Amino acid sequence: MKKIGVVLMALVVLSNCRKAKKEEVASSKPQIDFLSPLGKEITLPEPSKKSLDQYTMAKEDYEKNPDDVDKIIWYGRRTAYLGKYEDAIALYAQGIKGFPEDARLYRHRGHRYISLRKFDEAIADLERAGQLIEGTENEIEPDGMPNAMNIPVSTLHGNIWYHLGLAYYLKHDYEKAFEAYTKCRASGKLPDNIVSSTHWLYMIQRRLGDSVLASKMLDPIEAEMDVIENQSYHELCKLYKGLIPVDSLLQTKTGTPSNDAVKYGVANWYFYNGNREKAKQMMSSLVESKSWSSFGYIAAESDLIEYFNPSPN
């Protein structure tokens, strides 16, 4: 009986060791934070100390002043910069309950719906934001991630129309996307706004098959412009206008929003110029980058699904 007891105890110990080993292996696997429409498993990188400190400060400011809409917005923005888009959306939803007429809340929530590929929800929010700003004076929107010159280059109106146009574009509703980007370009005369909106206006008309109107969209583009932040869009617009060769943009790496924008723009240039194989190759390469929430990445992903029918991984 004593031997049987010893054997049973040994089996229990062995079983517990195996269970602990399985739990250790399971816990060592990276957490999947997002599954892309193409089946790619996304794991959020560790945030920088600066990002965490900014998030903590925004959270503390919000907790001290939970009824201050500006505190809600910044808490949501800092949360989103950590990649926690669902949490940011929940914060904006809470803010909308208290401030249903504040267009900024819909603008930021719409942006983060785009990040999560929820384009219909994004369109609903951004259309609502567009209604709320009717008859109001435009205003500079503070930067959450300032450029090298620390000069904000975007406006509330411009961002609403920009993101609305993008959401429609990602659904391949090009007529509505063109309408939104037309409003975006009319919202401000800053060169950064001109090149970013013109980039999309041109691509949309090429997608629609109107090369004449597409070329007309490039009228404001010059070889030298005082662009502070959107150099990638300026370079693409110069390509479209024939001011630089496509080879000059082919070496752009992926992994940052600006680089992804260039690579997508060039891939799209090949697409509407009839080289679908090259376009597919570049778009497929782009969606292997780490910058899964960049607009270039999401646009390439959407096009691969719409025009090339790839199977999820």
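Mentor: Let's start with helix 2, residues 49-64, where K49 and D53 sit four residues apart, about one turn of the helix. Keep in mind that this is a predicted model. The side chains of K49 and D53 meet in a salt bridge, with 2.7 Å from N to O.

Over the whole model, the count comes to 14 salt bridges.

On to the rings. A search of the whole structure gives 15 aromatic pairs. Take F34 and W292: their ring centres are 4.7 Å apart and their planes make an angle of 25°, so this pair is stacked, the cut-off being under 30 degrees. F34 belongs to strand 1 (residues 34-35), whereas W292 is in the loop between helix 13 (276-286) and helix 14 (295-308), so the pair links distant parts of the chain, 258 residues apart. Both ends are tucked away by the numbers: F34 counts as buried because its relative accessibility is 13%, under the 20% limit, and W292 is buried as well, at 8%.

Helix 14 comes back with another pair. F271 and Y307 are tilted, with 5.0 Å centre to centre and 50° between the planes. Since F271 lies in helix 12 (residues 257-272) and Y307 in helix 14, the pair ties together parts that are 36 residues apart in sequence. F271 is buried at 11% relative accessible area, but Y307 is partly exposed at 24%.

Rings also gather in a group: Y162, Y169, Y174, Y181, W200 and F295 form one aromatic cluster. Two lysines sit over ring faces, too. The charged end of K84 is over the ring of Y55, 5.8 Å from its centre, and K278 lies over the face of Y270, with 5.8 Å to the ring centre.

Last stop, the backbone. Most residues other than glycine have a negative phi, which makes the next two worth a click. R117, in the loop between helix 5 (103-115) and helix 6 (119-132), has a positive phi near 65°. H172 also has a positive phi, near 65°, and its place is in the loop between helix 7 (156-170) and helix 8 (174-186). R117 counts as buried at 12% relative accessibility, and H172 is buried at 16%.

Terms used:
Residues are numbered from 1 along each chain as its sequence is written. This is a predicted model: local features need pLDDT of at least 70, side-chain atom pairs count only at pLDDT 80 or more; totals for chains, interfaces and linings use all residues. Side-chain values use heavy atoms; hydrogens and water are left out. Rings of Phe, Tyr and Trp (its six-membered ring) pair if their centres lie within 6.5 Å; planes under 30 degrees apart count as stacked, over 60 as edge-to-face and the rest as tilted. Helices (H or I, at least four residues) and strands (E, at least two) are DSSP runs, numbered from the N terminus. Buried means under 20% relative accessible area, exposed over 50%, partly exposed in between (1.4 Å probe, protein chains only). A charge sits over a ring if NZ of Lys or CZ of Arg is within 6 Å of the ring centre and within 35 degrees of the ring normal. A salt bridge is a side-chain nitrogen of Lys or Arg within 4 Å of a carboxyl oxygen of Asp or Glu.
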